[in-house]
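Welcome! Please keep the sequence and the 3D view side by side as you read.

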Amino acid sequence: MRCSTAYIPVGVPEGEGVKAYWQKGLGNNDDSVRRMTRILGIDPGSRVTGYGIIDQQGQQLSYAASGCIRTRGDSLAERLGIIFAELGTIIDEYRPDEMGIERVFMNKNADSALKLGQARGAAICAGVHRNVPVHEYAAREIKQAVVGKGGATKEQVQHMICVLLSLQKRPPNDAADALGVAVCHGHHRETRRRMAGLRQLRGGAVL
């Protein structure tokens, strides 16, 4: 079962300083003509999988959609099938150009870690099956990109997602985490683009 939520973007004046800091560039002024890229972020889980979709054009990020896929039943195979099918439907509907997903972290409970890894695999397969490039990020990388601290709390991540994407209310945890993955990927791909541009300006020299 998929639960989608629409968040109406609004201005967040008190967060403009933080938002401007995240979007700070290297003086490029051609963002208006750069192609928009749609990014799908995934926060995997065997019971609840969050998804978040943003559009990126240069340094600018905008919210597109987010929600949660809630699976039912005791059969893990059935739940994995639901994740694969629902994400496939989401990809067909929103047509993302790229996909980001959180890496599995070490869990003291081996069974939980195994189930999480399998849910993650189902999500990755859904993207690969539809020829969407998949990029993986550790939880600390995501928090660092969104909040500026690798040890940030979920509340801090939710708050910064609202600031960066100009949302009027905080998304549920799983959806916010998925949006965080998308923002993290957007940050990394923009950094890679800038670095490539600098290398070109320097005649291909390695920085």
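Helices (H or I, at least four residues) and strands (E, at least two) are DSSP runs, numbered from the N terminus. This is a predicted model, in which local features need pLDDT of at least 70 and side-chain atom pairs count only at pLDDT 80 or more, while totals for chains, interfaces and linings use all residues. Residues are numbered from 1 along each chain as its sequence is written, and side-chain values use heavy atoms, with hydrogens and water left out.

Let's begin with helix α3, residues 110-129. Several of its residues are buried (under 20% relative accessible area with a 1.4 Å probe, protein chains only; over 50% is exposed, and in between is partly exposed). The buried residues of α3 are A113, L116, A119, R120, A122, A123, I124, A126 and G127. What covers them? Contact means heavy atoms within 4.5 Å, and the cover includes β2 (37-43), α2 (76-94), β5 (98-102) and β6 (134-137). After α3 comes N131, with a positive phi near 60°.

Now turn to strand β4, residues 60-70, where S66 lies.

| Residue | Relative accessible area |
|---|---|
| S66 | 1%, buried |
| Y63 | 11%, buried |

The side chains of S66 and Y63 are joined by a polar contact of 2.8 Å. Such a contact is a pair of N or O atoms within 3.5 Å; within protein, one must be able to donate a hydrogen and the other to accept it, and residues adjacent in sequence count only if both atoms are side-chain atoms. Y63 is also 8.0 Å from S166, C-alpha to C-alpha, although 103 residues separate the two in sequence.

Finally, look at the nonpolar cores, sets of buried Ala, Val, Leu, Ile, Met, Phe, Trp, Tyr and Cys residues joined through side-chain atoms within 4.5 Å. The largest has 21 residues, and those touching the most other members are I54, V146, I161, L165, L167, L179 and V183. Two or more residues each come from β4, α4 (139-146), α5 (154-165) and α6 (173-201). The largest share, seven residues, is from α5. Apart from this core lies another, of 20 residues, among them Y51, I124, A126 and V132.
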